[in-house]
Amino acid sequence: MKISSAAKAIVGGLSAGAAAAVTAVQDQVVTSGETVTIVLAVLGALGITYAVPNRQPDSVTPGRGL
């Protein structure tokens, strides 16, 4: 199954943003510093995940794992 780099980056960004947002709302108040942290988590995950290439499959024998 092929997953494009853009789709992989979007999922990574959403995951990082969600994790940062959940942490930020624990006290039921989101400060400007927490907002910056959420934005940086999303942007960082987008950039890093997009930059890392997908692994090309080796010639793997079916049923033998990676």
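User: What should I know before I start reading?

Analyst: This is a predicted model, so local features need pLDDT of at least 70 and side-chain atom pairs count only at pLDDT 80 or more, while totals for chains, interfaces and linings use all residues. Residues are numbered from 1 along each chain as its sequence is written, and side-chain values use heavy atoms, with hydrogens and water left out.

User: How many helices and strands are there in the protein chain?

Analyst: Helices (H or I, at least four residues) and strands (E, at least two) are DSSP runs, numbered from the N terminus. Here the protein chain has two helices and zero strands.

User: What span is expected for each helix?

Analyst: Take 1.5 Å times one less than the number of residues. Helix 1 has 20 residues and reaches 28 Å from its first C-alpha to its last, close to the 28 Å expected. Helix 2 (residues 32–51) also has 20 residues, and its end C-alpha atoms lie 28 Å apart, which agrees with the 28 Å it should span.

User: Which residues of helix 1 are buried?

Analyst: Buried means under 20% relative accessible area, exposed over 50%, and partly exposed in between (1.4 Å probe, protein chains only). In helix 1 the buried residues are A9, G12, G13, G17, A20 and A24. They cover an arc of only 125° around the axis, which puts them on the same side of helix 1. The arc is that of the directions from the helix axis to the C-beta atoms. On the face turned away from the buried side, helix 1 carries the exposed residues V11 and L14.

User: And which residues are buried in helix 2?

Analyst: Those are I38, A45 and T49. Seen down the axis, the buried residues of helix 2 fall within an arc of 40°, so they line one face of the helix. The face turned away from them carries the exposed residues S32, L40, L43, I48, Y50 and A51.

User: What do the buried residues of helix 2 pack against?

Analyst: They pack against helix 1 (5–24). Contact means heavy atoms within 4.5 Å. T49 gives you a local example: leaving aside residues up to four places away in sequence, it touches K8 and A9.

User: What does the side chain of T49 reach?

Analyst: A polar contact is a pair of N or O atoms within 3.5 Å; within protein, one must be able to donate a hydrogen and the other to accept it, and residues adjacent in sequence count only if both atoms are side-chain atoms. The side chain of T49 reaches the backbone oxygen of A45 at 2.7 Å.

User: Where does Q28 lie, and what is its phi?

Analyst: Most residues other than glycine have a negative phi. Q28, in the loop between helix 1 and helix 2, has a phi near 65°, a positive value in a residue other than glycine. At 71% relative accessibility, Q28 counts as exposed.
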